[in-house]
Protein chains: 2
Amino acid sequence: MKRKVTLKQIAKELDVSISTVSKSLRNSKEIGEDTREKVQAFAKLYNYKPNNIALSLKNRKTRTIGIMIPEIVHHFFSKVIRGIELIANKRGYNVIVGLSNESFDKEVINMEMLANGSIDGFILSISKETLLQQDYHHFHETINQGMPIVMFDRVVNEVNCDKVIVDDFQGSKKAINKLINSGCKNIAIITTKDYVNVGKLRTQGYLQALEENQIPAKASLILKVDDRLVSEDHLEALEQEIEQLFKQNKKLDGVFAVNELYAITAMKVARKFKKKIPEDIQFIGYTDGVLSKHATPSLTTISQHGQKIGEKAADLLIDKLEKDSEDDSYQTVIIETELIERESTK
Amino acid sequence: MKRKVTLKQIAKELDVSISTVSKSLRNSKEIGEDTREKVQAFAKLYNYKPNNIALSLKNRKTRTIGIMIPEIVHHFFSKVIRGIELIANKRGYNVIVGLSNESFDKEVINMEMLANGSIDGFILSISKETLLQQDYHHFHETINQGMPIVMFDRVVNEVNCDKVIVDDFQGSKKAINKLINSGCKNIAIITTKDYVNVGKLRTQGYLQALEENQIPAKASLILKVDDRLVSEDHLEALEQEIEQLFKQNKKLDGVFAVNELYAITAMKVARKFKKKIPEDIQFIGYTDGVLSKHATPSLTTISQHGQKIGEKAADLLIDKLEKDSEDDSYQTVIIETELIERESTK
């Protein structure tokens, strides 16, 4: 019997990107006519079936929510999933999880697969590669076909849907104001490259807080770490970058890190340089995970309330799914961050 | 149009368990005739469609692996998923994840949902409730219908399938021998209740190692923690239980904990009692997660090689999926544990 051909196989066979195949099949004018025709002919020949999401939606409800996240070894995302599950259970829904692994192609493929009759709607956080490529056609198509999406944390203005975000800008300001009020004069930020929106907003909050306190910003105090160093597997390279930061700023007395791994690693570097925490140097992290709580000294942090984000996202999605009438209005819910004070600050 | 009724809805409507519905639909003699007839009539009336897994398997390959795990906020399971993903990507498969939340019902419901055309086979670790109830009919049925299962970590002899396990018994022995060789004379184990097989095996390894070293085991040194205390939300109750252990054993000089949260919490208790680590008391944990690596002092641990377990499980499953002939032989692969020495032991 004939196997069903997938987007991925068509892309490989014709040596074009998955995005190109997907757009060609929807007859998008973005793709040259030649390519479009080739893709469509191939798809027809091999019996490719595009999702008939709208159709499946009318025929049955799966009462299942599809979650798409960039990675699973991540405390924040696990907390969000826990929040989604809590509400889903309460309201009689199941949850399945797809992983993009920060890859655009995997995001498209897995969303296609899940949308194909397995789920009623998506809760998702966008992969880094998708943010870099700024190709959001798969979100638009999913929504256009009648399947609602709720985005959280990593969201984009270009897609019209319900969103749950953290006030990263204010959260960052809270952290810097706390450091300034505790006597810090030379505050560094350890952040990610700018294309990850949350990193960018946190950097902006840092700059704004400095400005409001008449402290001039210095380029040498802003460390934008290569994203690949977020992973557990590259701790040494991360440590070296932070050591450079310490060497270039002898008077460093405060560090704000946009995730807890950066903060914990920076505390380790401080110990290496014989600086006492919090006497000589103070630290604040972002995301209240297990590392922050169990670190010695325990880490003062900005909590994003991952579970609350998940709960809110699930409620938004299920509300939309259970509303009888078509409703084209969307809302963006902002979850407040909270400063959790522990031993790493005065 | 008629909505598709689910197992869960039938169970709720008729006020019986999901397991009863599932067994009745398969006409299992375990269920009384009355109940069976009632369930079957209801299912027919509301157009319930049982999985036709075998059928869907013949029609198409999804090239997707379904993972069922008990919980997601767990470093070991995340590492296993990473391993599965690595191999799946290499061999052209996708991965989706379902969560049982340690609940039998959710395990049955989610497996049913995933098996319904979304995936080609399962990699799974059994929920605690399923282990307690010893009801494995959903695994048997999945396998009987031609969909392969690979179990890892929490496995049972009653189900015939490929399995990937850790030598928990030997791993535990390694830990205790290390403590004994480093001079410990009063070694406690902090473990889980026995129905979780891995906890039981680790306790047995502890007892065996003591015996081989002519050290008599003492009941007061074996702390079997209530499972609900594994969660981050019950740290205080866990701490109190461990404080009792310390109070009852003034000469305590070694602690082996079957997971890293227990170990980290025990180190915290030791600091409270002004005991120096590793001078006065030494600690070894199980599972090499972020907490162990970043604890102060860093924690000596038995690594289960979660990623390797995932890789092996994925290879076993994909091998089975891609074999043309029906193959009824199964293997159990044992992944060796490794002692990773850090600062919490001499």
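**Reading a predicted two-chain model**

Mentor: Let us begin with one pair of residues: A:Thr192 lies opposite A:Val225, a residue of β7(A). The model is predicted, so to speak of local features a pLDDT of at least 70 is required, and side-chain atom pairs count only at 80 or more, while totals for chains, interfaces and linings use all residues. Residues are numbered from 1 along each chain as its sequence is written, chains are lettered from A and ligands numbered from 1 in the order written, and side-chain values use heavy atoms, without hydrogens and water.

Trainee: In what sense do strand β6 (residues 187-192) of chain A and β7(A) pair, and over how many bridges?

Mentor: In general, strands of a sheet pair through backbone hydrogen bonds, either parallel or antiparallel. Here β6(A) and β7(A) run parallel, over four bridges; pairing requires at least two DSSP bridges. Strands (E, at least two residues) and helices (H or I, at least four) are DSSP runs numbered from the N terminus.

Trainee: In what order do the six strands of the open sheet in chain A stand?

Mentor: The order is β7-β6-β8-β9-β10-β12, with mixed pairing. Because β7 (222-225) and β12 (338-340) of chain A are at the edges with a single partner strand each, one side of each has no neighbour in the sheet. Neighbouring strands are turned by 20 degrees on average, direction ignored.

Trainee: Which strands does helix α9 (residues 168-181) of chain A touch?

Mentor: Helix α9(A) packs on the sheet against β6, β8 (254-257), β9 (282-286), β10 (300-303) and β12 of chain A, and its direction makes about 170 degrees with that of β9(A). Helix α11 (residues 235-248) of chain A also packs on the sheet, touching β6, β7 and β9 of chain A, at about 170 degrees to β7(A). Such angles run from 0 to 180 degrees between N-to-C directions, with axes fitted to C-alpha atoms, for helices over the stretch in contact.

Trainee: Which residues of α2(B) are buried?

Mentor: Buried means under 20% relative accessible area, exposed over 50% and partly exposed in between, with a 1.4 Å probe and protein chains only. In helix α2 (residues 18-25) of chain B, seven of the eight residues are buried, so the helix is largely enclosed by the rest of the structure. They are B:Ile18, B:Ser19, B:Thr20, B:Val21, B:Ser22, B:Lys23 and B:Ser24, and they pack against α1 (7-14), α3 (33-45), α6 (104-115) and α8 (137-144) of chain B.

Trainee: At what angle do the axes of α2(B) and α3(B) cross?

Mentor: Two packed helices are described by the angle and the distance between their axes. These axes come within 9 Å and cross at roughly 85 degrees. The two helices are therefore roughly perpendicular, a label for 65 to 115 degrees; under 35 counts as roughly parallel, over 145 as roughly antiparallel, and the rest as oblique.

Definitions and conventions. Contact means heavy atoms within 4.5 Å.
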